[in-house]
Amino acid sequence: MPAISFQSVSKHYASRGGASNPARSTLKALDGVSFDIEQGEFFGLLGPNGAGKTTLISVLAGLTRATSGRALVHGHDVQADYAQARRLLGVVPQELVFDPFFNVRETLRMQSGYFGVKNNDAWIDELLESLGLADKAGSNMRQLSGGMKRRVLVAQALVHKPPVIVLDEPTAGVDVELRQTLWQFIARLNKQGHTVLLTTHYLEEAEALCGRIAMLKSGKAVALERTSDLLKSASSSVLRFKLDSVLPAEFAGKARVTGRIVQLPAHDAHEIEQYLAALRQAGLSVEDVEIRKADLEDVFLEVMARHGEQPLAGARAA
Ligand SMILES: Nc1ncnc2c1ncn2[C@@H]1O[C@H](COP(=O)(O)OP(=O)(O)O)[C@@H](O)[C@H]1O
Ligand SMILES: [Mg+2]
């Protein structure tokens, strides 16, 4: 039985057009999404802003009702069997939400009570320790920094030891130290058998952690593969160089340009030679030529471009 099963999940919102077109229209935040995540997987859900990642997680957590289709956790329908499904899930939400009047330990005890878990202090202590919160147990929630609040949200999601852990951009805007603490801890839980579903904008995190990846674009799943197969499927290399003049038109659709830096995906050495020859013929002098292996970010941009997104100039920091 899969840990998570999405079956033709759609979520439509009624939206008004702009001033020029005040007619009602339908926004398809999710448009027939279907895939399963097996128990014990470390699974990545990627997609640009607005792709529907948070909506899909909200449907799973029973916070949003799907317009059609259904979602199951260990075979339990998230609507028909809400309590069972919810108990199996630990969800770390994208938004920081917390009650400012309680301290960290009280917050975690209340969350335990919500799931009917009694005498949970040993596990709460382990969570506090593992997430670097031990010295903050008595601190009031409103006194904590954003990064510390994020850690409490993670602890809160795990307080009932859920077999399925869902993290919605848990590292957005947090420091390197928390990212490392968090990933060490989540990787350990995954080794112990917990299923992990993760959304993140840090594609190097997804590449390092996730065995399989789904990509969402405008509410549709546009890729679903093992991470290693995704990396093999794309251009194998990237030619990177600096250029002071305008790039010839023949490269325009293929290249990613960040200021002076130009990156061209290539499938093999022959293609790289062709690029360099074409640049030489155009009389352009290139500097700092480098060839590197394509990574998940290159694959992500390729997949998004194939599905109608403009190549994202400047998506990779120079
Ligand atoms: N409550 C809502 N009402 C109307 N539109 C919404 C609502 N929640 C999300 N959306 C829209 O649904 C789309 C998907 O949003 P979201 O799931 O948050 O994307 P992501 O998490 O991938 O950035 C976006 O276009 C967003 O504006
Ligand atoms: Mg989101």
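Colleague: How many helices and strands are in the chain?

Modeller: The chain has 11 helices and 14 strands. Both are DSSP runs, numbered from the N terminus: H or I over at least four residues for helices, E over at least two for strands. This is a predicted model, where local features need pLDDT of at least 70 and side-chain atom pairs count only at pLDDT 80 or more, while totals for chains, interfaces and linings use all residues. Residues are numbered from 1 along each chain as its sequence is written, with chains lettered from A and ligands numbered from 1 in the order in which they are written.

Colleague: What makes E12 and E13 a pair?

Modeller: Strands pair if DSSP finds at least two bridges between them. E12 and E13 (residues 261-266) have three, in the antiparallel sense.

Colleague: What is the strand order in the open sheet of four strands?

Modeller: The order is E12-E13-E11-E14, with antiparallel pairing.

Colleague: Why do E12 and E14 stand at the edges?

Modeller: E12 (256-258) and E14 (286-293) each have a single partner strand, so one side of each is left without a neighbour in the sheet. The twist averages 20 degrees from one strand to the next. Axes are lines fitted to C-alpha atoms, for helices over the stretch in contact, and angles run from 0 to 180 degrees between N-to-C directions.

Colleague: Which strands does helix H10 lie across?

Modeller: H10 (residues 269-281) lies across E11 (237-243), E13 and E14. Its angle to E13 is about 140 degrees. Contact requires C-beta atoms, placed from the backbone, within 7 Å.

Colleague: Where do the domain bounds fall?

Modeller: Domain 1 covers 4-16 + 25-231, and domain 2 covers 235-293. These bounds come from an automatic or database domain assignment. The C-alpha centres of the two domains lie 39 Å apart.

Colleague: Which residues surround ligand 1?

Modeller: Among them are Tyr-13, Leu-27, Gly-50, Lys-53 and Thr-54. Near means a C-beta atom, placed from the backbone, within 6 Å. Strand E2 (24-37) and helix H1 (53-60) each give two or more residues to the shell. H1 has the largest share, three residues.

Colleague: How many shell residues are nonpolar, polar and charged?

Modeller: Four nonpolar, six polar and one charged. Ala, Val, Leu, Ile, Met, Phe, Trp, Tyr, Cys and Pro count as nonpolar; Asp, Glu, Lys and Arg as charged; the others, Gly among them, as polar.

Definitions and conventions:
Contact = placed C-beta atoms within 7 Å.
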